[in-house]
Amino acid sequence: MKPSMRVLLAGRDASQLAEMEKLMVSGTSHILSLRHISNGNSDPLYNLPEMPETLVFCLTGAWEEELRALDERPMARRPPTIVVGPENIAVMRMALRVGARDYFSFPMPEYDLRNSLNRIAEGLRADAGINNAKLTAVINAKGGSGASIIAATLAHSLVARIGQRVSLLDLDFQFGHLSSLFDLPPDGGLVDAIVRSDNMDAMALEGHMLKHKSGLHILGDTSQQLIVPGDIEEGQLKKLISVVQSGYDHVIADLPRQIDPVAGVVLESADVILLVVQQSIAHVQDARQMVRYLNTYLGIPPTRMKVVVNRWDKRLDLSFEDIRKSLEIEDICCIPNDFSKVAESANLGTPLLEFAPSSPVSRSIVNLAESLSGKKAESGQFGLGRVLRKLART
């Protein structure tokens, strides 16, 4: 995951701060506060009631005085710092000498700044020993590719075959239907959980979840009102995702096919993004566009993306190698075509892994679950043998 942290943006130049604030609000998922230094003290951390987790310090022409003020504060009493200043080697050297983690000059390289902040955030969490669930986002690169079925079957596989504690998030606020794939009523409380996220913990969150007999927990929306992206507060969604991750081993998020601030919160935080396509030129073209959006606007490298080719048929002209070369993504898996079994499973509300456990589709998605979890799946057998194996582990 790319975790959020509290970032203070500080400096004397109000116009520079405004430009930086705009860049950081649109380009990162971190919690940003602003400090315009207008008094005589050049220390950006002077008299703060609460210390930020990271400081982004914008220098002016008085950079020597500003860096000296920062250096006078002991390293143990200041957060990791990124310095933004003029393109001047002397300023850069002094900034690094006083302990800056990174140095940037205008025009600001958004992608590099985002990566620098994310590296600091990951280091802070590693130092704190925080172990959050892995977050996998699943999204169609073209409408109707089958992302929801794959997300549901993957989540179920992680529970039933890998033995993980898993939450499945249905983040399509308008047309979500994942609960029906498990023959569960549409009683999830996603929107209510988002609204209450400030006072939510993992135990309280369980009250909003639908529970499948396999042990899978599902969180979706049941609001009778039309929910549009602007109705969802991004900061609250970030907090909710953090709470969900604190209570599970793995979180699978099924996203609608759109790039907006809500989807951006999830995609930017995801450890892995599964781009679901089908075996056609139109699907691959849309997937290329999706990869470009994720990389250019969210700073997500292709190494965090995995292409899932759904309804794969080796007899078709478009080959595995064609798709790999076109998308420039090495990590690709293929899910065979068995439309009739998948459709019947969905219509009955019986998870595919129960309805057709030995089908090529089920086996392929279990293999995907193994790849994402790094663990070997148990046999699909049920009954006394499985009970005895569980007892042997207790």
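Author: A term comes first: on a 1 Å grid over the protein atoms alone, a cavity is a set of points where a 1.4 Å probe fits but cannot get out, and lining residues have an atom within 4 Å of a point. This is a predicted model, in which local features need pLDDT of at least 70, side-chain atom pairs count only at pLDDT 80 or more, and totals for chains, interfaces and linings use all residues. Residues are numbered from 1 along each chain as its sequence is written, and side-chain values use heavy atoms, with hydrogens and water left out.

Reader: Which residues line the largest cavity?

Author: The lining consists of Ile149, Ala152, Thr153, His156, Leu181, Phe182, Val342, Ser345, Ala346, Thr350, Pro351 and Leu352. Helix H5 (147-160) and helix H12 (339-348) are the elements that each give two or more residues to this lining; helices are DSSP runs of H or I with at least four residues, and strands are runs of E with at least two.

Reader: Which element gives the most to it?

Author: H5 does, with four residues.

Reader: Turning to the sheet, what is the strand order?

Author: The order is S8-S9-S7-S10-S6-S11-S12-S13, in an open sheet of eight strands with mixed pairing; two strands pair if DSSP finds at least two bridges between them. Strand S8 (210-211) and strand S13 (332-336) stand at the edges with a single partner strand each, so one side of each has no neighbour in the sheet.

Reader: How many bridges join S7 to S9?

Author: Three bridges join strand S7 (residues 166-170) to strand S9 (residues 217-219), and the two run parallel. Leu168 stands opposite Ile218 in S9.

Conventions
1 Å grid on protein atoms, 1.4 Å probe; cavity = no way out; pocket = protein on both sides within 12 Å on 5 of 7 lines; lining within 4 Å.
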